[in-house]
Amino acid sequence: MDTLHKFEQLYNEAVSTYQNQLPLCAAENVVSPFSKIMLTSSLQEKYLLGASSKYQENNFLGSDKLFEFNILLNQLCLRLYGAKYADARTLSGINAVTSLLMSLFEVGDIVFISNDEYGGHTSIKKICKRLGIKTRYIPYDYDNLDIDYKQLNEELMKENVKGVLVCLSDILFQPSLEKIELPEDCILLYDATQTLGLIAGKENKNPFDYFESSDDNFIMFGAAHKTLPGVTCGLILTNNPILLQKYESINPDYLRNTHFHHILSLITTLIEFEKFGKEYSKNIRQMVESLSVRLLSGGFTLISGERCSETHQIWLSFPNQLELNIFYEACCRYGISVTKREKKVYNDFGIRIGLQEIARYKWDNNIIDTIAIILTLIKKNMPSEEITKHVDIFVKSNRTINYTFSEVETDKFKQNLHDS
């Protein structure tokens with residue numbers, strides 16, 4: 001078999017695997033044909049040097065035209081998020097936080113970060129250590145599934161703290177960031193990767209409702225591809241021009257080729273989201289509420305208890321590792337994409353579910369009933385034939401991407417582009 005045929009085989013096998021899954025992974029989503037148009041743009045090979053807010057005169061010929069997209073991005077993010085300054089040059093969420101840490105802090109600075117035991121991103125401590133940044137864990141209230149603001153505020157007064165980085169991969173409830181009492185010259189950074197879409201869609205509260213002033217030492221950042229269904233791209237937002245000046249050296253200090261086609265794709269995703277995002281976000285939340293009720297009725301223990309998750313995520317708890325492994329392995333066997341978690345916030349043994357992808361297919365409420373039945377049957381170790389019968393419903397279901405421009409509108413947009 002030659003290399004081309006090998007590639008074709010591998011690709012078809014991978015696509016078939018995903019097409020036959022019940023997609024309940026909280027980390028993945030589907031991107032519309034409209035958002036993907038820019039991935040084949042001839043502008044992908046072009047460079048735009050310098051800051052995102054001010055055009056650098058010593059630049060490549062034609063780059064002044066590229067800079068106009070920065071202006072458009074700022075306009076979109078002001079309307080969607082209430083942020084005056086938007087920067088999409090970083091390549092991913094982790095690339096965004098790494099670039100921010102390198103730009104804003106010095107070796108030896110103290111930064112409070114989220115602990116992975118309650119859902120913090122596992123990379124942050126490692127990155128800080130490599131950069132010589134000293135870390136402390138943000139105190140957490142496990143009973144309320146939120147930051148322990150009183151203890152945090154007390155801790156912030158004890159040392160010369162330069163930053164607080166709230167970076168949660170696992171999140172059920174929005175943190176009340178406005179309760180954090182920042183010392184002078186301390187920067188609050190919030191990784192909203194998981195909820196960027198829900199914030200723009202008005203289903204989650206917007207931190208910029210509280211940090212709207214140009215004097216607020218606040219930055220929100222994240223990556224598309226979760227509740228904001230776009231091609232992977234980092235997005236940094238702030239209203240503070242001084243902070244903006246500090247991290248604008250990302251290019252050229254820490255990043256040269258900014259993958260301009262991903263920036264263009266993010267812009268088209270935000271255009272799409274401005275029109276359809278509220279309806280899409282509402283459907284995510286309705287599905288989460290509906291499935292949570294059915295799982296509780298099916299005998300599952302939800303970490304949130306009777307409270308309904310405010311995000312796209314639902315967390316299931318299991319009494320021990322054996323039962324967790326049996327459930328998770330059965331999900332894998334039947335093609336159900338979930339995430340296994342062994343963290344304190346899950347009562348040590350848990351499963352994370354996300355509904356952002358199936359919400360985009362706009363499947364009706366009967367689908368939620370079927371998901372609850374499948375998961376309950378697996379939990380009760382019921383015969384495989386019964387489970388397979390219900391899983392087959394998803395394999396045969398129409399996976400049309402909704403909350404986007406129509407095929408006619410998408411084709412017209414492509415036709416209007418010079419390199420279409």
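This passage walks through the fold of the chain, from its overall form to some individual residues.

The model is a predicted one, in which local features need pLDDT of at least 70 and side-chain atom pairs count only at pLDDT 80 or more, while totals for chains, interfaces and linings use all residues. Residues are numbered from 1 along each chain as its sequence is written, and side-chain values use heavy atoms, with hydrogens and water left out.

The chain contains 15 helices and 15 strands; helices (H or I, at least four residues) and strands (E, at least two) are DSSP runs, numbered from the N terminus. With a radius of gyration of 22 Å, close to the 22 Å that the globule rule gives for 420 residues, the chain is as compact as a globular protein of that length. Here the radius of gyration is taken over C-alpha atoms, and the globule rule is 2.2 Å times the number of residues to the power 0.38. Along the principal axes, the C-alpha trace spans about 65 × 60 × 45 Å.

Of the 420 residues in the chain, 54% are buried. Buried means under 20% relative accessible area, exposed means over 50%, and partly exposed lies in between (1.4 Å probe, protein chains only). Among contacts (heavy atoms within 4.5 Å) with a separation of 6 or more, 75% link residues 24 or more positions apart. The chain exposes about 19,300 Å², and carbon and sulfur atoms supply 50% of that area. Accessible areas come from the Shrake-Rupley method with a 1.4 Å probe; for residues, only the protein chains shown count as cover. The chain carries 44 positive and 53 negative charges, whose mean positions are 1 Å apart. In this count Lys and Arg are positive and Asp and Glu negative, with His and the chain ends not counted; a charge is placed at NZ of Lys, CZ of Arg, CG of Asp or CD of Glu.

Two strands pair if DSSP finds at least two bridges between them. Strand E3 (residues 110-113) runs parallel to E7 and is joined to it by four bridges, with Ile110 opposite Val161. E7 also pairs in the parallel sense with strand E8 (residues 187-191), over five bridges, and here Val164 stands opposite Leu188. In a regular strand the side chains alternate between the two faces of the sheet.

Leu188 is also one of the residues touched by Asn217, along with Leu182, Asp185, Cys186, Ile187, Asn240 and Leu243, not counting residues up to four places away in sequence. Asn217 sits in the loop between helix H7 (196-200) and strand E9 (218-223) and is partly exposed, with a relative accessible area of 22%. Between Asn217 and Ile242, 25 residues apart in sequence, the C-alpha to C-alpha distance is 8.9 Å.

Another group of strands forms an open sheet with antiparallel pairing, in the order E11-E12-E15-E14. Its edge strands, E11 (301-302) and E14 (339-341), each pair on one side only. Strands E12 (residues 313-317) and E15 (residues 350-354) run antiparallel and are joined by five bridges, and Ile314 stands opposite Ile353 in E15.

Both residues of that pair have further partners. Ile314 is in contact with Ser292, which also meets Leu302 and Cys308 when neighbours within four places in sequence are left aside. Ser292 belongs to helix H10 (residues 260-297) and is buried, at 6% relative accessibility. Its C-alpha atom is 8.3 Å from that of Ser309, 17 residues away in sequence.

Ile353, in turn, is touched by Val338, whose contacts beyond four places in sequence also include Leu24, Tyr328, Cys331, Ile351 and Arg352. Val338 lies in the loop between strand E13 (336-337) and E14 and is buried, with a relative accessible area of 9%. The C-alpha atoms of Val338 and Ala27 are separated by 9.5 Å, although the two are 311 residues apart along the chain.

Two loop residues other than glycine have a positive phi. For Leu145, phi is near 55°; this residue lies between strand E5 (140-141) and strand E6 (146-147) and is buried, with a relative accessible area of 8%. For Lys362, phi is near 60°; the loop here runs between helix H12 (356-361) and helix H13 (365-379), and Lys362 is partly exposed, at 43% relative accessibility.
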